[in-house]
Amino acid sequence: VKDTTETPDLKQCYKLLKLTSRSFAAVIMELNPELRNAVMLFYLILRALDTVEDDMSIAHDIKVPLLRDFHKKLSLDDWSFDGNSPDEKDRAVLTEFNSILHEFHRLNREYREVIIKITKEMGNGMADYILDEEFNLNGVQTIKDYDMYCHYVAGLVGDGLTHLMIIARFASPELIKRPELFESMGLFLQKTNIIRDYAEDIEAGRSFWPKEVWSIYGEKLTDFQSAKNTKQGVFCINHLVLNALEHVTDVLTYLSSIQEQSSFQFCAIPQVMAIATLALVFNNENVLHTNVKIRKGTTCDLILKSRTYKGCVDIFEYYLRDIRKRLNVEDPNYLKFNIHVAKIDQFI
Ligand SMILES: COc1cccc([C@H]2O[C@H](CC(=O)N[C@@H](CC(=O)O)C(=O)O)C(=O)N(CC(C)(C)C)c3ccc(Cl)cc32)c1OC
């Protein structure tokens, strides 16, 4: 019989989850008990990895091996790390890592193997980027580099979660043969975040917009912040939105393969938030100066409507039409947009 007692460690883990991301934590809490702890622990381990990577006070010769070997910490009974990440909620995940480890060892072996495998690949991907001089100096170059970067930070998460759901028998094993589908689940979310976070990232001295795209519209990535380049900046946003929309058919195909209600909602909610965010950033010059967010009321509607597959398709259809209506004839992307959105319409 499954031991479902709430140990003090498990309570501590859920406290950490609520601390790290209120809204998404609620979605994880709704998951079927068979999957809830595995996903919660996977989420916290990923946050711990992110916190190490983001902690600028850790010297490279410490950080690189720590990231590459992070998956080996998951085999220890006790381990924690006193970082100096600016954010208290992120620091806690590392200082309280013992609770995560104790609960991790109570997971079904197959779940643990998936989480260890993804943690290893992501940790090594992060370490490679830290050592990649060209990436640190000039940022993301080609669209291929853009997709690869998003693979390491987000595609791998889609990979891991898909395998956890298949082990739990909540998703069709057919998905294993379609890695491009779970890759798109990650890339659609990450590309939406990268487009939306332009102003915040430039402020932090970085951006992940690929040079192959932004160099069509400007000399330097920071150019779009000055008023005279606003129009070019908006065309660049639209080009990146069009690139992200290429993942829509994969996302909808993936969602149609999830067979358990709480897992379906867990997967659907971030995707419908992302399409609503893409519609918000499309043709929106505010993105060049601030972090735009969809309204709370919209979020509630999306969560309710995304409970069924048809509801999700309706949401995507609504926002794709909305974007198409606002296409600007002088936008160089005009023709490509129309062709692509029409293709998605056929799919839907
Ligand atoms: C099949 O794949 C998925 C199915 C369901 C959810 C997610 C994905 O959704 C959240 C949703 C989330 O975390 N939303 C935030 C809002 C925000 O960050 O803007 C929130 O609601 O707080 C998200 O954004 N990321 C982060 C990455 C995109 C880097 C993977 C994420 C990080 C860890 C986990 Cl375990 C899961 C996810 C999936 O991952 C692709």
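Leaving aside neighbours within four places in sequence, F266 is in contact (heavy atoms within 4.5 Å) with F24, V27, I28, L31, V39 and L161. The structure is a predicted model, in which local features need pLDDT of at least 70 and side-chain atom pairs count only at pLDDT 80 or more, while totals for chains, interfaces and linings use all residues. Residues are numbered from 1 along each chain as its sequence is written, and side-chain values use heavy atoms, with hydrogens and water left out.

F266 lies in helix α16 (residues 261-281), where helices are DSSP runs of H or I with at least four residues, numbered from the N terminus. The C-alpha atoms of F266 and R307 are 9.5 Å apart in space, although 41 residues separate the two in sequence. A second residue, H71, belongs to helix α5 (residues 70-73), and with neighbours up to four places away set aside, H71 is in contact with I116, T119 and K120.

| Residue | Relative accessible area | Class |
|---|---|---|
| F266 | 5% | buried |
| H71 | 10% | buried |

V241, not counting residues up to four places away in sequence, touches I195, L278, V281, F282, I323 and F337.

Helix α3 also packs with helix α7 (residues 97-104) at an angle of about 140°, their axes being 11 Å apart; axes are lines fitted to C-alpha atoms over the stretch in contact, and angles run from 0 to 180 degrees between N-to-C directions. That angle makes α3 oblique to α7, since angles under 35 degrees count as roughly parallel, over 145 as roughly antiparallel, 65 to 115 as roughly perpendicular and the rest as oblique. The contact is formed by L41, L44, I45 and A48 of α3 together with F97, I100, E103 and F104 of α7.

In helix α6 (residues 88-95), the buried residues are D90, A92, V93 and L94, and the buried residues of α6 pack against α1 (8-20), α3, α5 and α7.

Technical notes:
Helix = DSSP H or I, 4+ residues; strand = E, 2+ residues; numbered from the N terminus. Buried < 20%, exposed > 50% of the residue type's maximum accessible area, 1.4 Å probe, protein only.
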